Amino acid sequence: MHLARFPRLSLGHFPTPLEALPNLSRFLGGPTLYIKRDDSTGLATGGNKTRKLEFLLADALKQRADIIITQGATQSNHVRQTIAAANKLGLQTQVLLEQRVDKFGDDYQHSGNILLDNLLGGTIVEHLPAGSDMQQAMEALADQLRAGGHTPYVIPGGGSNPIGALGYVACAEELLYQSSQQRLRIDHVIHATGSTGTQAGLVAGLAATNSHIPVLGISVRAPREKQEENVYSLASRTWQLLGARGELDHDAVVVNSDYVGEGYGLPTAGTLEAIKLLAELEGILLDPVYSAKGMAGLIDLIRKGRFGQGENLVFIHTGGSAGLWGYRQLLEQQAR
C-alpha cells in the first residue's frame with residue numbers, strides 16, 4: 001500500500017491525537033477507551049471530511065477545476081469543510097442542501113454549520129426537499145456551469161467515493177503508527193457511519209495492512225443490511241484503487257443500526273446522554289448527528305457486555321461540534 005502515488009494536498013493538522021478516556025472508562029466499568037481526535041483536523045473547526053478532501057481536491061486541481069460542487073444536509077459538516085478547503089485553494093464552491101430535518105426551528109436553519117457556510121462565502125444554490133436525488137441535481141448544476149465555460153468538480157455527499165475514502169486509508173496507517181508508538185494493542189475501532197467513506201477507508205486500510213483490527217460502524221441513518229452493502233461496495237472499490245491483492249473479505253464490514261432512532265439528524269435519548277457524558281467527564285464536545293450517536297451505541301454496547309475489561313477500544317471522533325448550535329433548544333431542555 002503506497003499512498004504517495006495518489007495526488008494529495010496538505011489541508012489538515014495531522015496526525016490527530018490518540019488520547020485515553022480514563023474518566024469515561026471508569027464510569028462505564030468495562031474496556032479501556034481511547035479516542036482518535038479527528039474533530040481536531042483544524043479546517044474551519046475540523047472534522048473527518050478534511051482527510052477525504054486532501055485527496056479529492058488534489059484530484060480537482062489535477063483536472064483544472066475552477067468550481068467545486070457538493071451537497072449535504074442543512075447542518076452538513078462536509079459542506080462546511082469543503083467550502084473552507086476550496087477557499088484555501090482559491091476555488092469557488094456551489095452547494096445544494098437537502099432539508100432532511102424539519103424540527104428544531106430557526107437555530108437549525110440559520111445557526112451552526114449553515115452560519116459558518118455563509119461566513120466562509122460558499123454559494124448555497126438551492127435547498128431541496130428530503131428524498132431528492134442529490135447526485136442528479138449536482139450533475140445538472142455541473143452541466144449548467146460547463147455551458148457557461150467553467151470546469152466544475154463534483155464531490156459526492158460526505159466525500160464518499162474511492163478517492164475520498166483514501167483519506168481514511170491514510171488514517172488507518174496513522175492509527176497503526178500511533179498505536180505502535182504508544183505500545184497500545186487495539187482490539188476494536190468504533191465510529192459513526194453515514195455516507196460510508198470513513199468506514200470504507202478504515203476497513204480497506206486496516207485489511208490491506210493485515211492489522212486484524214475489526215471496525216464497527218454505528219449507523220446514523222440506514223438499516224444494517226443496506227448500510228453494510230453500501231460500505232462494502234465502496235470499500236471494495238477503494239481496495240481495487242489501492243491495488244490490493246485478492247478480494248476484500250465481506251465479513252470485514254460490520255454495522256450496527258440499533259441506534260438510528262427516528263432517523264438522520266434526530267438525536268435519541270442515548271445521543272443526548274453521550275453528549276453530556278463526554279462533555280462532563282472528558283471535556284470533549286460531540287455532535288448530535290454523527291459522533292454522539294456513534295458514542296451512544298458504543299456506551300450501550302459496553303453496558304450490555306459486548307466489550308469486556310482488558311480490551312482496548314478506539315472511538316474515531318469524526319467532528320461536527322459546530323452543529324451543536326443548530327440543536328440549541330433541544331440541548332437546553334436536556335440540561336434543565
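Trainee: How should I read relative accessibility at Thr196: is Thr196 buried or exposed?

Mentor: A residue is called buried when its relative accessible area is under 20%, exposed when it is over 50%, and partly exposed in between, with a 1.4 Å probe and protein chains only. Because its relative accessibility is 8%, Thr196 counts as buried. Bear in mind that this is a predicted model, in which local features need pLDDT of at least 70 and side-chain atom pairs count only at pLDDT 80 or more, while totals for chains, interfaces and linings use all residues. Residues are numbered from 1 along each chain as its sequence is written, and side-chain values use heavy atoms, with hydrogens and water left out.

Trainee: Where does Thr196 lie, and what is its phi?

Mentor: Helices (H or I, at least four residues) and strands (E, at least two) are DSSP runs, numbered from the N terminus. Thr196 sits in the loop between β7 (188–193) and α8, and its phi is near 90 degrees, a positive value in a residue other than glycine. Thr45 also has a positive phi, near 85 degrees, and is placed in the loop between β2 (32–37) and α2 (49–62); with a relative accessible area of 46%, Thr45 is partly exposed.

Trainee: Which residues does a cis peptide bond join?

Mentor: The bond between Phe14 and Pro15 is cis, with omega about 0 degrees, and Pro15 belongs to the segment before β1 (18–20).

Trainee: How do I read the chain as a whole, and how many helices and strands are there?

Mentor: The chain contains twelve helices and ten strands. Its radius of gyration (taken over C-alpha atoms, the globule rule being 2.2 Å times the number of residues to the power 0.38) is 19 Å, close to the 20 Å which that rule gives for 336 residues, so the chain is as compact as a globular protein of that length. Of the 336 residues, 58% count as buried. Taking contact to mean heavy atoms within 4.5 Å, residues 24 or more positions apart account for 80% of the contacts with a separation of 6 or more.

Trainee: Which residues have the most contacts inside the largest nonpolar core?

Mentor: In soluble globular proteins, nonpolar side chains tend to be buried together. A nonpolar core here is a set of buried Ala, Val, Leu, Ile, Met, Phe, Trp, Tyr and Cys residues joined through side-chain atoms within 4.5 Å. The largest such core has 32 residues, and those with the most contacts inside it are Leu3, Ile186, Val189, Leu202, Leu242 and Val314. Two or more residues of this core come from each of α7 (162–181), α8 (197–208), α9 (224–242) and β10 (312–317), with α7 giving the most, seven residues. Leu202, leaving out residues up to four places away in sequence, touches Tyr168, Cys171, Ala172, Val189, His191, Val215 and Ile316. Another core, of 26 residues, lies apart from that one and has Ile284, Met295, Leu298 and Phe307 among its members.

Trainee: With which residues is Leu313 in contact, leaving aside its neighbours within four places in sequence?

Mentor: Leu313, in strand β10, is buried at 1% relative accessibility. Its contacts, with those neighbours left aside, are Pro31, Thr32, Leu33, Tyr34, His188, Ile190, Leu298, Ile302 and Phe307.

Trainee: In which helix is Asn118?

Mentor: Asn118 belongs to helix α5 (residues 112–120) and, at 48% relative accessibility, counts as partly exposed. Asn118 and Arg80 are 38 residues apart in sequence, and their C-alpha atoms are 9.1 Å apart in space.
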